[in-house]
Amino acid sequence: MIYLAEPNLSGNEKKYLNQCIDTTFVSSVGEFVTRFEEDICKVSEVKYGTAVSSGTAGLHMALRACGVGRDELVCIPTFTFIATANAVMHCGAEPWLIDIDVKSWTMNPEVLEEELLKKAYIREGKVFHKASGRRVGAIMPVYTLGMPADMDEINRIADRYNLPVIADAAAAIGARYKGENIGGIANATVYSFNGNKTITCGGGGAIVSNQERLIKLAKHLATTARCGIAYDHDMVGYNYRMTNLQAAVGCAQLERVEEFLLKKKYIRNFYNQSFRQVEDVLLFPEVKWADSACWFSGLVLSDSCKVKKLCEALKEKGIEAKAFWKPIHLQKPYLQAERSDMTISEKTWDRIITLPSSTGITETELEYVVSSVKELL
Ligand SMILES: *Cc1c(COP(=O)(O)O)cnc(C)c1O
């Protein structure tokens, strides 16, 4: 089987894991956690960062560190993985769902601005939702498939409403926005190191920022809000720390981050060149502002039926292919959530098919995927 996103563990992963076992440092303290946090900051070109147990935990802690609390609203795009919305709910807040931009599949800043203008007001420097009286606590764009959102526009709106911006950059490590590393362009930026991401720790996440206080608070909350070495805790914290075992794998992965990112880009170009001339098929979006991390590559077909059929037929040929995220506004827990018009998301989401995009994929395998897809289309 040629898988969609298979972890690539042929570097120092085994060696570093053995070091954890040999030294008995398998838990949430250890040299690899410290090194991983330093390495993540380097790769992100930021000053501060903290490792956590998952991307979802990272989003939750970043929201809390930015002051998001009970009964607030957080603006997020509807086209995202469920974890973005769930992290908002874990704060006792609720998502305010925004449609995406057809050019990039990321949160449409024009729609965001229109929604705030129409449905919110500012009082004493705070933003409130007119209909419910609830405070708006933050804006959380998502870097879809590793593609940064239009952050100049989103940051401009955030400044105007005095709202913090937390970027769900789960699969976007190494991406650039107008030439700048994405690590420092939001108040906080969150990565996931789940098994299917470009860099994996098995499971894990990290928050990076240039704001020291924000990272200190996030780390404090994620480590049971412990003060010093005695059993003193000054807040209701969480047990969200990354373990040394996870970080050991992560350190080995980060040694190859440049290689992995180049391979992801190679896969994207390979599919784009192979399918550019094919009728009834569209390519994944590209925009001038973004240098995408190209987490997954694939195609856009003319309808959802074709996606389902193609996935099934490819499976018979030993190729894993999948539909992509179902938007949040169509998910059971969020059917009542506040939302903008969703025309673009609804026209887009069920026509997307993701194709094998593992960093270990060979030229022969890529050619086999392309010829199989062409034949079946
Ligand atoms: C993977 C992903 C997450 C969740 O990360 P976990 O580490 O699985 O908790 C959140 N948001 C997006 C956009 C993702 O792709």
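A: Let us begin with a loop. A225 lies in the loop between α7 (212-222) and α8, where helices (H or I, at least four residues) and strands (E, at least two) are DSSP runs, numbered from the N terminus. This is a predicted model, in which local features need pLDDT of at least 70 and side-chain atom pairs count only at pLDDT 80 or more, while totals for chains, interfaces and linings use all residues. Residues are numbered from 1 along each chain as its sequence is written, and side-chain values use heavy atoms, without hydrogens and water.

Q: What is the phi of A225?

A: Most residues other than glycine have a negative phi. A225, however, has a positive value, near 50 degrees. C294, which is not a glycine either, has a positive phi of about 45 degrees; C294 is found in the loop between β13 (290-291) and β14.

Q: Why does A225 count as buried?

A: Buried means under 20% relative accessible area, exposed means over 50%, and partly exposed lies in between (1.4 Å probe, protein chains only). A225 counts as buried because its relative accessibility is 0%. C294 also counts as buried, because its value is 5%. L245, in helix α8 (residues 244-254), counts as partly exposed because its value is 30%.

Q: In what order do the strands of the open sheet of three strands stand?

A: Strands of a sheet pair through backbone hydrogen bonds, either parallel or antiparallel. Two strands are said to pair if DSSP finds at least two bridges between them. Here the order is β3-β2-β6, with parallel pairing. The edge strands, β3 (94-98) and β6 (136-139), each pair on one side only. Strand β2 (residues 73-77) is joined to β6 by three bridges, and V74 has A138 in β6 as its bridge partner.

Q: Which strands does helix α5 touch?

A: Contact means heavy atoms within 4.5 Å. Helix α5 (residues 109-119) packs on the sheet and touches β2, β3 and β6, its direction making about 120 degrees with that of β3. For such angles, axes are lines fitted to C-alpha atoms, for helices over the stretch in contact, and angles run from 0 to 180 degrees between N-to-C directions.

Q: How is the open sheet of four strands arranged?

A: Its order is β12-β14-β16-β15, with antiparallel pairing. The edge strands are β12 (282-283) and β15 (322-323). In this sheet, L283 stands opposite L299 in β14. Helix α10 (residues 304-316) lies across β15 and β16, at about 20 degrees to β16.
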